[in-house]
Amino acid sequence: MGKIKRFEDFDFWQRARALNQEIYKIMNYEGLSKDYKLKEQMNGSSGSIMDNIAEGFERDGSKEFKNFLGYSKGSAGELKSQLYRALDRNYITKEEFDKLYDETDQMGRMIGGFMNYLKITEFKGNKFKEPETPYGLTGN
């Protein structure tokens, strides 16, 4: 993995975005489109996965990023439960369920793996770097 400069560089954010697009497609299915509460919950949790990755990264601290990754991972778990409800109400097929569930589960594991990495790394984030003075000189 190369140096990450933007949250868009994370594979798990890219996958979360693609998953969000897949969830949006099924929201227009006949039954699900009329089940407003479930539809909005699925839209919210799938969006929350990618949004929390972005927000945590932009905070510039590894501890805060880890917290937001936890929210993101929790949203993945929430979406998996909502997928069961969509399956149980016959809004999606078993094949669609399996595909979406597996992708959500893999994403949650990737996020969890990166959270573990952040626990052991020495890097604490850009907000904790020594500030530079003009002309690249460091302060006392």
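Where does Asn90 lie? Asn90 is found in the loop between H4 and helix H5 (94–120), where helices are DSSP runs of H or I with at least four residues, and strands are runs of E with at least two, numbered from the N terminus. The model is a predicted one, in which local features need pLDDT of at least 70, side-chain atom pairs count only at pLDDT 80 or more, and totals for chains, interfaces and linings use all residues. Residues are numbered from 1 along each chain as its sequence is written, and side-chain values use heavy atoms, with hydrogens and water left out.

The protein contains five helices and zero strands, and its elements run α-α-α-α-α from the N terminus on. Of its 140 residues, 39% are buried, a term that means under 20% relative accessible area, with exposed meaning over 50% and partly exposed in between (1.4 Å probe, protein chains only).

Helix H5 has 27 residues and reaches 39 Å from its first C-alpha to its last, close to the 39 Å expected at 1.5 Å a residue, the expected span being 1.5 Å times one less than the number of residues. Its buried residues include Phe97, Leu100, Met107 and Phe114, and the cover over the buried residues of H5 includes helix H1 (11–26), H3 and H4, counted through contacts, that is, heavy atoms within 4.5 Å.

Most residues other than glycine have a negative phi. Asn90, however, has a positive phi of about 60° and is exposed, with a relative accessible area of 68%. Asp60, in the loop between helix H3 (36–58) and helix H4 (62–88), has a phi near 65° and counts as partly exposed at 34% relative accessibility.
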